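Me: I would like to learn how to read this structure feature by feature, taking the general idea before the particular case. Could we go through it together?

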Number of protein chains: 2
Amino acid sequence: MEKIFRVNMTDLTTSVEEVPQNWLGLGGRGLTSTIVAAEVDPMCHALGDGNKLVFAPGLLSGTAAANSGRMSCGAKSPLTGGIKESNVGGTTAQLFAKMGIKALIIEGLPQEDKFYSLDVTMNGVTIAEETELLGKGNFAVIEAMEAKYDKKVGVMSIGPVGEAKMTAANISVKDPDSKIRSHGRGGLGAVMGSKKIKYITVNPEGSGRVAIADPDKFKAASRVFAKTLMDHPVAGEGLPTFGTNILVNILNEAGGLPTRNFTDGSWDKHDKISGETMHDTIVERGGKTKHGCHKGCLIQCSQVYNDKDGNYLTSGFEYETIWGMGADCLVDDLDQIAQADSIMDDIGIDSIETVVMFGVAMEAGILPFGDGAGILRLLREEIGKATPLGRILGCGTASVGNAYGVTRVPVVKNQGIPAYDPRSVKGIGITYATSTMGADHTAGYTIATNILNVGGFVDPLKKEGQVELSRNLQIASAAIDSTGMCIFIAFPALDIPECLPALIDMLNARFGIELTGDDVTELGKSILKTEHAFNLAAGLNNKHDRLPEFFKEPVLPHNAVWDFSDEEIDAFWDF
Amino acid sequence: MEKIFRVNMTDLTTSVEEVPQNWLGLGGRGLTSTIVAAEVDPMCHALGDGNKLVFAPGLLSGTAAANSGRMSCGAKSPLTGGIKESNVGGTTAQLFAKMGIKALIIEGLPQEDKFYSLDVTMNGVTIAEETELLGKGNFAVIEAMEAKYDKKVGVMSIGPVGEAKMTAANISVKDPDSKIRSHGRGGLGAVMGSKKIKYITVNPEGSGRVAIADPDKFKAASRVFAKTLMDHPVAGEGLPTFGTNILVNILNEAGGLPTRNFTDGSWDKHDKISGETMHDTIVERGGKTKHGCHKGCLIQCSQVYNDKDGNYLTSGFEYETIWGMGADCLVDDLDQIAQADSIMDDIGIDSIETVVMFGVAMEAGILPFGDGAGILRLLREEIGKATPLGRILGCGTASVGNAYGVTRVPVVKNQGIPAYDPRSVKGIGITYATSTMGADHTAGYTIATNILNVGGFVDPLKKEGQVELSRNLQIASAAIDSTGMCIFIAFPALDIPECLPALIDMLNARFGIELTGDDVTELGKSILKTEHAFNLAAGLNNKHDRLPEFFKEPVLPHNAVWDFSDEEIDAFWDF
């Protein structure tokens with residue numbers, strides 16, 4: 001039987017509870033958002049004792065289903081002021097699922113000015129005071145925990161950025177190679193920092209397999225599902241070969257690659273940072289072009305990127321990070337970007353928020369455009385040390401804009417806009433505007449249909465069909481984010497008829513239930529509505545479903561502008 | 001005939017326009033809020049080219065009516081995100097009125113990275129590039145302008161804080177003694193800085209008297225009105241003798257003196273900073289206990305506060321500033337507070353926002369509680385020099401809270417809560433919560449009736465009657481803020497039956513109209529509704545009409561908590 005593990009940091013007590021009936025069918029984002037909506041006052045201070053940090057593995061996590069090892073983390077976001085779910089690979093989702101942990105809920109704030117660690121075992125959670133690792137980076141935490149326990153230990157930790165409660169702080173999660181994946185967006189590391197938890201270890205001793213109600217059906221469906229992943233040109237070929245960074249050249253070609261803090265739509269140096277260049281560099285230096293963020297991943301969009309001497313530099317080196325420090329900050333040195341990626345993992349800061357922020361910091365004159373060495377220095381010496389400048393930067397894009405009076409600040413609901421110009425790829429603009437998460441490409445990844453011709457084609461430069469596209473993808477993503485599946489399964493799900501039925505068959509075989517496709521759609525809708533209701537109760541409203549004013553300026557090469565009316569955007573919520 | 005003077009900073013042109021019919025009956029706040037609502041997109045960036053900065057003298061400014069020399073300044077606030085009006089004494093309201101300038105509207109943003117000055121004469125406005133005074137304080141600007149023109153020149157300027165567009169920047173205005181008064185709240189200095197205007201001079205050559213339709217009636221009403229001011233114990237005696245700082249002991253006694261960043265309601269060292277102590281110190285050092293912020297002021301709540309050697313240190317030394325650096329920051333040295341007041345005037349930052357901010361900065365550990373020398377250093381070396389720390393501090397209370405992850409952040413709509421604990425003086429809490437201006441005691445000064453027994457008595461510790469009290473006072477204040485009258489005329493207006501009719505008689509005699517008391521009430525309501533509609537369109541809603549969570553904690557000595565329900569607060573807008 002699955003359980004809810006609960007930790008109260010105010011009185012330093014823990015408990016193991018039955019799963020309430022109405023949470024039984026939920027997992028991942030569906031569960032974290034339901035718990036946050038049920039237990040957190042939307043008007044509370046996100047870093048105060050009313051907020052709760054919730055971890056939940058997906059419904060299929062821990063099973064043999066391909067790409068099902070994603071863990072969701074939810075809370076009220078100190079960055080957006082609304083609800084937040086951020087999911088990640090690594091090992092914790094699978095460990096939790098095998099240990100029968102439906103969710104871990106952390107509430108309250110310690111009364112003393114001390115930091116703590118949590119250790120999660122089959123018996124529950126124990127709390128210990130932590131002093132030694134304070135101020136240390138996430139790599140040091142993982143190393144120390146593997147030394148203390150063993151290689152199998154799961155680790156979720158915050159770096160100095162989270163300890164200092166900066167609102168771009170993320171939560172780092174150990175991956176199968178003892179490297180780092182992140183609950184990146186929305187400042188969840190600051191929430192963990194406010195609760196004064198430096199790290200959480202997960203020790204699975206005594207755990208078994210995830211129970212499957214109908215193993216034969218599961219196995220059959222799982223095979224079909226896996227085949228659709230491998231058969232799809234993006235999931236089975238593009239992503240494994242070039243990683244997500246395959247998108248640099250594609251978006252540049254489409255004129256949707258935001259350049260120099262969103263003042264241009266393409267960059268003449270795109271080749272320097274492209275997926276193709278990266279692939280060749282990796283091969284040349286003896287790295288790995290394919291790599292999974294969690295066990296059982298077939299897409300393998302990650303990689304191992306080595307430095308010039310062939311030593312490991314970083315992995316999980318994503319398009320959005322490379323775009324941001326590259327095109328948006330005009331840094332044309334992939335090695336510098338890889339170094340920054342590694343530092344961001346170590347100090348514990350969202351790499352998307354941070355690269356978007358640096359574009360604004362450059363516009364503010366804090367450092368010149370193109371100054372990659374300056375970014376490395378600011379990450380290490382200012383943000384990583386929580387200096388005043390570091391705090392301005394470490395609180396993200398909007399924070400820098402506010403402190404320096406910049407008006408070109410690409411954020412929605414205070415969260416940085418990533419990697420795809422909403423003027424030239426209008427569907428993603430609708431996602432940025434309306435997502436309950438603030439600007440978040442993964443919330444409804446219209447790039448699939450606007451740019452990659454997956455699931456048909458909706459012309460990225462025209463308004464027609466974008467709201468419907470974004471709505472359908474946001475509903476589907478909310479459901480997928482509840483299964484523990486990687487969002488990239490959406491590619492085959494949109495194109496290959498057998499994919500989605502196989503996914504539903506796996507869910508049904510796992511739990512002995514009879515979900516239909518409509519049920520899954522209803523689940524997605526219900527999650528979005530729960531999140532939207534939370535946000536409205538927190539003071540966000542349709543005026544916050546808007547892109548910044550500066551997107552009315554035309555952007556090259558298409559002279560595209562953001563031209564949706566308020567009514568057109570608000571129609572998103574008509575479902 | 002009165003005119004609208006308009007300046008377009010984008011193309012550096014100016015014009016003189018007829019006053020539109022529907023603006024003819026408006027002045028001060030009524031006019032600035034009407035113009036902002038009519039011409040500014042509520043969703044624009046407050047520091048972008050869509051915002052406008054509007055100055056308008058009150059309806060009675062420039063006449064012989066006592067206390068009528070207040071100038072309103074309005075814009076979308078970069079601090080609150082809503083509409084803002086901030087009014088001030090000094091000389092500009094009377095100069096504008098005598099020059100026939102109904103309003104000065106400044107729009108657009110310069111295309112080049114240069115600063116400018118404006119010179120306002122009877123003929124219109126001229127724009128000149130400014131280089132010499134950049135980075136200089138407001139006292140230097142006034143000195144330079146008096147040297148360039150003469151003693152009669154009116155000056156409105158920003159200091160380095162406004163140049164750097166920090167959101168607590170104010171606009172300084174020369175007073176009759178060539179000292180400084182401020183359009184203090186809401187970051188209007190940042191708007192002026194965004195438009196790259198270092199200062200505005202007002203040269204009245206050729207101006208005449210304000211036309212009075214019925215001089216005899218005006219003179220008679222004016223005499224009655226003046227007598228009511230002098231006859232009232234607060235306006236005629238308390239304020240002239242002790243200044244607004246008479247309130248330290250009164251609020252301390254009432255348990256409503258927020259202490260140590262709002263963790264206590266009284267302070268054992270209140271005597272060190274009280275109005276009585278200040279009065280004796282002023283007398284001892286040969287300063288002035290009475291002083292007006294503008295010509296024709298009968299209340300004379302200002303003063304000249306000298307240093308130990310008898311040299312001028314500051315004037316316009318207000319309760320809210322003294323409370324904040326005193327009780328809220330635990331600085332018990334009135335001379336240090338006076339020095340801070342002078343520095344804040346010089347660098348151009350709202351002294352209320354700044355002292356509230358320092359309470360949070362002390363809680364954040366940036367400097368210890370009680371460290372007055374630290375405050376002086378941070379004002380001069382960090383805020384005045386726009387360092388990164390200075391920018392965090394100079395963007396106000398919420399900015400520090402955000403950068404340092406503090407949860408005890410006394411703000412409403414991002415603006416710092418002044419000087420009166422809303423738990424122990426509940427009426428003012430309703431004003432803080434509901435005012436269109438963000439937390440602003442002057443928007444509906446319930447202290448009159450909650451504490452000073454003016455206009456009756458409503459028990460400050462009980463909820464009964466507070467919403468109605470605040471509503472009535474906010475409506476009245478909006479109307480008074482349109483006349484050019486100082487808000488302190490509310491004291492006799494509430495207590496002495498002849499006061500308000502005399503005020504209305506003056507308005508009628510000035511314009512040859514037939515306003516009734518009901519008309520004035522309707523004007524106040526209409527202004528509030530115009531402002532509220534702007535705020536709603538800017539994305540603020542009733543969830544922003546709330547006090548911070550921490551006010552649920554009880555505060556000594558009454559163990560008072562903030563206990564209004566959402567419905568009770570929202571009922572404010574039922575009119």
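Me: How many of the 18 residues of α19(A) are buried, and what follows for the helix?

Reply: Bear in mind throughout that this is a predicted model. A residue counts as buried if 20 or more other C-beta atoms lie within 10 Å of its own. In α19(A), 16 of the 18 residues are buried, so the helix is largely enclosed by the rest of the structure. The length of helix α19 (residues 466-483) of chain A can be checked too: at 1.5 Å a residue it should span 26 Å, and its end C-alpha atoms are 26 Å apart, which agrees. After α19(A) comes G484(A), with a positive phi near 90°.

Me: Moving to strands, which residues of β11(B) lie on each of its two faces?

Reply: In a regular strand the side chains alternate between the two faces of the sheet. In strand β11 (residues 180-183) of chain B, I180(B) and S182(B) lie on one side while R181(B) and H183(B) lie on the other, and these residues are all buried, which leaves both faces covered.

Me: In which sense does β11(B) pair with β10(B), parallel or antiparallel?

Reply: Strand β10 (residues 171-174) of chain B pairs with β11(B) in the antiparallel sense, over four bridges. Within that pairing, R181(B) in β11(B) has V173(B) opposite it. The two strands form a hairpin with five residues between them, and S178(B) in the turn has a positive phi of about 65°.

Me: How many bridges join strand β14 (residues 302-306) of chain B to strand β15 (residues 312-315) of chain B?

Reply: There are three bridges, and β14(B) and β15(B) pair in the antiparallel sense. Here V304(B) stands opposite S315(B) in β15(B). In this hairpin five residues lie between the strands, and G310(B) takes a positive phi near 85°.

Me: Which domains does the assignment give for chain A?

Reply: The assignment gives domain 1 (3-202), domain 2 (213-242 + 422-575) and domain 3 (259-417). The centres of domain 2 and domain 3 of chain A, taken over C-alpha atoms, are separated by 25 Å, and the contact takes 25 residues from domain 2 and 24 residues from domain 3. On the side of domain 2 that touches domain 3, α6 (215-231), α7 (233-242) and α17 (426-434) of chain A each supply at least two residues. The largest share, five residues, comes from α7(A). That side of domain 2 divides into 19 nonpolar residues, five polar and one charged.

Me: What rotation and shift superpose chain B on chain A?

Reply: Two copies of a chain are related by a rotation about an axis and a shift along it. Here a rotation of 180° with 0.0 Å of shift along the axis superposes chain B on chain A, with an RMSD of 0.0 Å. That is the relation of a two-fold axis. In chain B, the C-alpha nearest the axis belongs to P388(B), 2.9 Å from it.

Me: Through which elements does chain B touch chain A?

Reply: The contact takes 29 residues from each of chain B and chain A. On the chain B side, the elements that give two or more residues are α5 (188-194), α15 (388-394) and α16 (397-404). The residues of that side divide into twelve nonpolar, twelve polar and five charged. Since 100% of the interface residues of chain B are also interface residues in chain A, the copies meet through the same surface.

Me: Which residues of chain A does P388(B) touch?

Reply: P388(B), which is found in helix α15 of chain B, touches P388(A), L389(A) and I392(A), not counting residues up to four places away in sequence. P388(B) is buried, with 20 other C-beta atoms within 10 Å.

Key
Residues are numbered from 1 along each chain as its sequence is written. Chains are lettered from A and ligands numbered from 1 in the order in which they are written. This is a predicted model: local features need pLDDT of at least 70, side-chain atom pairs count only at pLDDT 80 or more; totals for chains, interfaces and linings use all residues. Copies are superposed by least squares on the C-alpha atoms of residues with pLDDT of at least 70 in both. Two residues are in contact if their C-beta atoms, placed from the backbone, lie within 7 Å. Ala, Val, Leu, Ile, Met, Phe, Trp, Tyr, Cys and Pro count as nonpolar, Asp, Glu, Lys and Arg as charged, and the others, Gly among them, as polar. Domain bounds come from an automatic or database domain assignment. A residue is buried if 20 or more other C-beta atoms lie within 10 Å of its own, exposed if 12 or fewer, and partly exposed in between; C-beta atoms are placed from the backbone. Two strands pair if DSSP finds at least two bridges between them. The expected span of a helix is 1.5 Å times one less than its number of residues.
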